[in-house]
Each structure stands twice: as structure tokens, then as C-alpha cells.
Amino acid sequence: MMKRRLRHPCWPTGLLAVVLLAQARNAPAPNGQRVAFPEGYQKKYQVLRMVDKPDKKQLVTVYGNDAAASIKSTGQLPYPYGSILVMETSSALKGSQGKVALDEKGHYRKGKVLGLHVMRKEHGFGEGYGQNRTGEWEYVEFGPDRSYLTPPEKSSVCAECHLKAGREKDFVYGGRLHSDRGN
Ligand code: HEC
């Protein structure tokens, strides 16, 4: 009798779904500072990809350290441990008229750096994301002053979306593997 009453009503299942959804919104994330500011990336890393973003008049440049830059075809995936990918967003440089000044190939020129998305792959990384774990990558976002825009403990949003890039791509959307500027 007791058992039946516990099993019967449907609404607690609905309630459970709501609770689970709420937990997903407040998803777990690593809280150690394991992804550092990528010192000197503009000189030390390779440019893997540049994309103009006309809607925001911004320029996105994806850099990789040597380990990340070693991946040149999908056949070489997954990325090796020690890989660091940096996605830099900058404003497009404007000319005297306030119009975006294009380079000789018709692309944006880099203005001010607005922020850096950084992902790093190391043994055992990513565990803290729980069900949003994307292999062994961890994520953070830095502002131009090197402070966190997205600290490790808030970075589940990053993992949640990169999950959709898929394991077969090692959770990396672009990297060098699709290129807008023929590099
Ligand atoms: C809504 C989905 C979404 C979210 C949220 C997101 N990303 Fe991405 N990320 C992308 C896509 C799509 C690209 C490819 C952009 C391109 O190359 O044009 C990308 C590119 C990157 C890259 C370059 C490597 C690659 O995958 O192409 C890094 C590094 C990166 N993101 C880190 C982060 C970090 C750190 C966060 C959280 C602060 C984050 N991302 C949040 C979708 C997302």
C-alpha cells in the first residue's frame, strides 16, 4: 500500500524535471585556476583562423600554441595534451570617417582587443563540468586587462556549447580546420 502511493502520482516526476533543469542552469564547473592568461600569445602562438564579424564590426582571431597548431587535418584529431587555443575578439579598425578600414584583401584590420576566450587541454581536465564535460578541455575568458570575464567556476556555459561541436571534432569548432582566409 505504501509503495503504491509513493509510485503513483505523476507530479513529482514533473517537479524532478524542474529541479534537474534548474541544476543544469547552475551547472557544475571546475574552480581551480588552471587556465592561465596566455602570455605573449600574439607573438608565440600561430594564427589558425581569422573571421570578420560584420554584424558587430569585430574581428575574431583564433590562435594556437605549437601543440594546438600541430593539428592540420581532421585525421590528426584529437588535440594533443598541452594544447591551448585562444579566440581573440577585437574591434575592427575604423578610418577617419568612422568607417571600417579594410585591408588590401578586403578584410577588417585589427583594432582594440576586447577579450580572449581560452581553452586548454591537459590530463584529467574537464572533470568539474560533470555532464557538460568536453573531453579534457577547460575554459576561461579574459578581458583586455587580464581580469576574468568568465572565471573557471562560471565556465560551464562554454563547455555546454562546445559540447555541440562534438567528440569527433574534439569539441573544437573551428581551429585551423575550417578557414575563411585560406591560411
Ligand atoms: C553559444 C555557443 C558558444 C559558447 C557559449 C562559447 N563558444 Fe567558444 N566557440 C563557439 C563557436 C561556434 C566557435 C567557432 C568560431 C569561429 O571560428 O568562427 C568557438 C570558438 C572558440 C574557440 C576557438 C577554437 C574553436 O573551437 O574554434 C575557443 C578557444 C573558444 N571558443 C572558447 C570559448 C570559451 C572560453 C567560452 C566561454 C567563455 C566559449 N568558447 C563559449 C561557440 C561557443
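Ala, Val, Leu, Ile, Met, Phe, Trp, Tyr, Cys and Pro count as nonpolar here, Asp, Glu, Lys and Arg as charged, and the others, Gly among them, as polar. Sorted that way, the shell around the ligand in this predicted model comes out as 15 nonpolar, 6 polar and 2 charged residues. In total, 23 residues surround the ligand, and the closest of them are His117, Cys158, Cys161, Tyr173 and Gly174.

Where does the shell come from? Strands S1 (46-53), S2 (58-64), S3 (84-92), S4 (110-121) and S5 (137-142) each bring at least two residues to it, and so does helix H5 (156-162). The top contributor is H5, which gives 4 residues.

Now for the chain as a whole. It's built from 5 helices and 6 strands, and reading along the sequence gives the pattern α-α-α-β-β-α-β-β-β-β-α. Of its 183 residues, 27% count as buried.

Strands of a sheet pair through backbone hydrogen bonds, either parallel or antiparallel. In this model, 6 strands line up in the order S1-S2-S3-S4-S5-S6 as an open sheet, with antiparallel pairing. S1 and S6 (148-150) sit at the edges, so each pairs on one side only. On average, neighbouring strands of the sheet are turned by 25° against each other, ignoring direction. For a look at one pair, take S2 and S3, which run antiparallel and share 7 bridges. One example is Thr61, whose bridge partner in S3 is Glu88.

Key: Residues are numbered from 1 along each chain as its sequence is written. This is a predicted model: local features need pLDDT of at least 70, side-chain atom pairs count only at pLDDT 80 or more; totals for chains, interfaces and linings use all residues. A residue is near a molecule or strand if its C-beta atom, placed from the backbone, lies within 6 Å of it. A residue is buried if 20 or more other C-beta atoms lie within 10 Å of its own, exposed if 12 or fewer, and partly exposed in between; C-beta atoms are placed from the backbone. Two strands pair if DSSP finds at least two bridges between them. Axes are lines fitted to C-alpha atoms, for helices over the stretch in contact, and angles run from 0 to 180 degrees between N-to-C directions.
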